[in-house]
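Here are a few exercises on salt bridges and helix packing. Have a go at each one before you read the solution.

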Amino acid sequence: AGCGRWQLGGELLRRMRLTKVPVDKVSCGSAINACEKSARGDWQLPVSILNAMSAGKLEQDLISFSATISACAKEGCWEAVSALLHMLLRRHHLACNSTVCNAAVSACERDGRWRRAAHLLGLMGERALEPDQISSNAIISTCSAAGRWQLALSSLVMAGDAADRVGFNT
């Protein structure tokens with residue numbers, strides 16, 4: 001799903017509704033995924049599709065949440081990511097995975113929200129999810145950019161084998 005295909009995914013859903021073709025979890029998930037895979041997209045469209053799934057009594061699963069969170073994270077919309085993560089964990093009681101947490105930590109990194117990123121890293125620990133290279137580098141970069149070198153250094157030490165050249169060079 002390259003550039004512009006995220007718009008095609010939304011248009012396909014619209015046409016399905018107009019022609020009375022049933023919209024299901026798979027078609028919604030495909031449209032969300034097209035948005036997430038797009039190099040540049042509209043983070044509001046996958047959120048709208050996810051909300052429409054709920055309104056249409058379609059199951060919102062970890063895959064649909066994960067793709068929506070990733071789409072929002074790519075645009076640096078940490079507020080939307082935070083709200084979606086809250087919905088995922090509290091309202092839907094779905095298990096969180098490292099992909100979702102990494103997207104959330106990366107969104108915080110893009111917006112310089114080091115406290116929120118550190119909180120999310122703690123959440124990963126509470127959920128018995130091992131921070132990987134992506135989450136470790138994101139938290140190190142975020143703390144470093146915020147001038148929190150002590151936290152960046154302790155995060156680098158805690159990353160252990162997950163640390164790579166990006167983490168060491170931050």
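**Exercise 1.** Which residue forms a salt bridge with Glu-36, and how far apart are the closest N and O atoms?

Solution. This is a predicted model, so keep that in mind throughout.
- Start with the partner: Glu-36 pairs with Lys-74, and their closest N and O atoms are 3.7 Å apart.
- Because Glu-36 sits in helix H2 and Lys-74 in helix H4, the bridge ties together parts 38 residues apart in sequence.
- Then check accessibility, where under 20% counts as buried. Glu-36 comes out at 12%, so Glu-36 is buried. Lys-74, at 39%, is partly exposed.

**Exercise 2.** Which residues are linked with Lys-25 in a network of salt bridges?

Solution. Take the bridges one by one.
- Lys-25 pairs with Glu-59, with 3.2 Å between the closest N and O atoms. Lys-25 belongs to helix H2 (residues 25-37), while Glu-59 is in the loop between H3 and H4, 34 residues apart.
- Lys-25 also meets Asp-61 in a salt bridge, at 3.3 Å from N to O. Asp-61 is in the loop between H3 and H4, so this pair joins parts 36 residues apart in sequence.
- Put together, Lys-25, Glu-59 and Asp-61 make up the network.
- As for accessibility, Lys-25 is partly exposed at 32%, whereas Asp-61 is buried at 15%.

**Exercise 3.** Are H3 and H4 roughly parallel or antiparallel?

Solution. Go from the angle to the contact.
- The axes of H3 (residues 44-55) and H4 (residues 62-74) come within 9 Å and cross at roughly 155 degrees. Angles over 145 degrees count as roughly antiparallel, so H3 is roughly antiparallel to H4.
- The crossing of these two helices, H3 and H4, is left-handed.
- On the H3 side, Pro-46, Val-47, Leu-50 and Met-53 make the contact; they meet Ser-64, Phe-65, Thr-68, Ala-71 and Cys-72 of H4.
- Sorted by class, that gives 7 nonpolar, 2 polar and no charged residues.

**Exercise 4.** Are H6 and H8 roughly parallel or antiparallel?

- H6 (residues 98-111) and H8 (residues 133-145) have axes that come within 9 Å and cross at roughly 20 degrees. With under 35 degrees counting as roughly parallel, H6 is therefore roughly parallel to H8.
- H6 crosses H8 in a left-handed way.
- Among the residues in contact are Asn-102, Val-105 and Glu-109 of H6 and Ile-134, Ala-138 and Thr-142 of H8.
- By class, the H6 and H8 contact has 5 nonpolar, 5 polar and 1 charged residues.

Conventions:
Residues numbered from 1 in each chain as written. Predicted model: local features only at pLDDT ≥ 70, side-chain atom pairs only at ≥ 80, totals over all residues. Heavy atoms only, no water. Axes fitted to C-alpha atoms, helices over the stretch in contact; angles between N-to-C directions. Helix = DSSP H or I, 4+ residues; strand = E, 2+ residues; numbered from the N terminus. Parallel < 35°, antiparallel > 145°, perpendicular 65-115°, else oblique. Left-handed = near helix turned anticlockwise from the far one by under 90°. Contact = heavy atoms within 4.5 Å. Nonpolar A, V, L, I, M, F, W, Y, C, P; charged D, E, K, R; others polar. Salt bridge = Lys/Arg side-chain N within 4 Å of Asp/Glu carboxyl O. Buried < 20%, exposed > 50% of the residue type's maximum accessible area, 1.4 Å probe, protein only.
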